[in-house]
There are 2 protein chains.
Amino acid sequence: MAAVIEFSRQNIRQETGGPFAAGIFEKESGRLVMLGVNRVMPLNCSSAHAEVMAISLAQQKLENFDLGAPGMPEHELVVNWRPCIMCLGALMWSGARHLTIAGSGPELEEITGFDEGFVPDDWQAQLALRSISVTDNMLTEKAVEVFYEFAKSGSHVYNARQGS
Amino acid sequence: MAAVIEFSRQNIRQETGGPFAAGIFEKESGRLVMLGVNRVMPLNCSSAHAEVMAISLAQQKLENFDLGAPGMPEHELVVNWRPCIMCLGALMWSGARHLTIAGSGPELEEITGFDEGFVPDDWQAQLALRSISVTDNMLTEKAVEVFYEFAKSGSHVYNARQGS
């Protein structure tokens with residue numbers, strides 16, 4: 001998680017995208033398969049969230065659309081906050097079996113202005129129904145520091161229209 | 001919509017992906033910007049749903065991550081069924097202002113076995129909060145015919161684990 005948070009920080013400091021990073025790791029060995037960072041603005045692609053980048057690139061590397069395919073080690077998605085509704089769906093389809101996040105509270109939306117969509121209160125139970133477990137609150141304060149740094153930078157928050 | 005449904009049919013007949021197609025159109029003129037079809041299995045990418053393909057390719061063509069950017073005509077996403085939770089999120093981030101679908105009932109999941117995720121009952125109201133309007137039930141029967149054709153084909157339904 002520390003590496004993922006550091007990449008989220010570097011992604012705003014280097015002006016290469018939004019304040020998010022994600023990694024696909026092998027659950028048991030902890031081996032990194034692929035890191036991804038938010039690339040929406042530089043790639044002109046609103047779906048290029050860190051989670052979608054990490055999942056898609058890991059699937060390219062492993063040459064399989066299913067990270068939970070038979071014979072494969074279990075994979076986990078590590079990300080510096082609770083995924084938005086698009087990325088929760090992407091996780092559901094990815095075949096990853098575990099999600100580790102630095103936090104899931106309102107801090108992200110409050111500090112940065114991003115709209116995370118209509119995530120239901122029972123999202124963890126919904127993932128559990130699909131055999132995806134969740135570890136929350138890992139290095140929370142360090143992740144929040146990056147959101148404050150992003151907010152202070154005055155960077156553009158894309159598509160947070162919310163009624164406009 | 002007829003063209004989108006025909007592409008969804010050809011995508012299974014040509015064995016180029018799942019039974020889904022989507023298009024980004026200019027709302028007022030009806031001009032097609034980009035068509036996309038489900039490419040999950042051939043691309044080894046679980047996020048390559050028709051909606052994400054159409055949105056991402058349209059954004060590449062228009063060189064903008066925001067299909068609702070100032071100075072642009074309003075865009076709509078046309079798709080042959082209610083998007084899954086990932087694609088509803090992708091729509092929310094895309095900047096498109098309207099969604100037209102052939103149907104939104106349980107038929108898709110019942111006939112094909114796909115898991116559309118934890119879509120809340122008030123998803124249309126949630127989109128409306130973000131200034132995205134919805135037209136439902138356009139050529140419903142024709143869309144459902146394709147799902148039956150897919151189910152009969154015995155094609156693989158990926159990642160519909162639902163607890164396994």
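Me: What does Gly89(B) touch, not counting residues up to four places away in sequence?
Reply: Gly89(B) touches Ile85(A) and Met86(A); contact means heavy atoms within 4.5 Å. This is a predicted model, in which local features need pLDDT of at least 70, side-chain atom pairs count only at pLDDT 80 or more, and totals for chains, interfaces and linings use all residues. Residues are numbered from 1 along each chain as its sequence is written, chains are lettered from A, and side-chain values use heavy atoms, with hydrogens and water left out.

Me: Why is Gly89(B) called buried?
Reply: Its relative accessible area is 0%. Buried means under 20% relative accessible area, exposed over 50%, and partly exposed in between (1.4 Å probe, protein chains only), so Gly89(B) is buried. Gly89(B) lies in helix 4 (residues 85-94) of chain B; helices (H or I, at least four residues) and strands (E, at least two) are DSSP runs, numbered from the N terminus.

Me: How many residues does each chain bring to the contact, and what area do chain A and chain B bury between them?
Reply: Chain A gives 49 residues and chain B gives 49 residues. Together they bury about 3900 Å², 57% of it on carbon and sulfur atoms. On the side of chain A, Phe65(A), Trp93(A) and Phe118(A) lose the most area to chain B, together 26% of what that side buries. Buried area is the accessible area (1.4 Å probe) that two parts lose on being put together, summed over both.

Me: What makes the pair Asp115(A) and Arg130(B) a salt bridge?
Reply: The term requires a side-chain nitrogen of Lys or Arg within 4 Å of a carboxyl oxygen of Asp or Glu. For Asp115(A) and Arg130(B) the N to O value is 2.6 Å, so the pair qualifies. The count between chain A and chain B is 2 salt bridges.

Me: Why is strand 3 of chain A described as largely enclosed?
Reply: 5 of the 5 residues of this strand (residues 75-79) are buried, so the rest of the structure largely encloses it. His75(A), Leu77(A) and Val79(A) are buried on one side, and Glu76(A) and Val78(A) on the other.

Me: How do you know that strand 3 of chain A pairs with strand 1 and strand 4 of chain A?
Reply: Two strands pair if DSSP finds at least two bridges between them. Strand 1 (residues 21-26) is joined to strand 3 by 5 bridges, antiparallel, and strand 4 (residues 98-101) pairs with strand 3 in the parallel sense over 4 bridges, so both meet the criterion. Phe25(A) stands opposite Glu76(A), and Leu77(A) has Leu99(A) as its bridge partner in strand 4.
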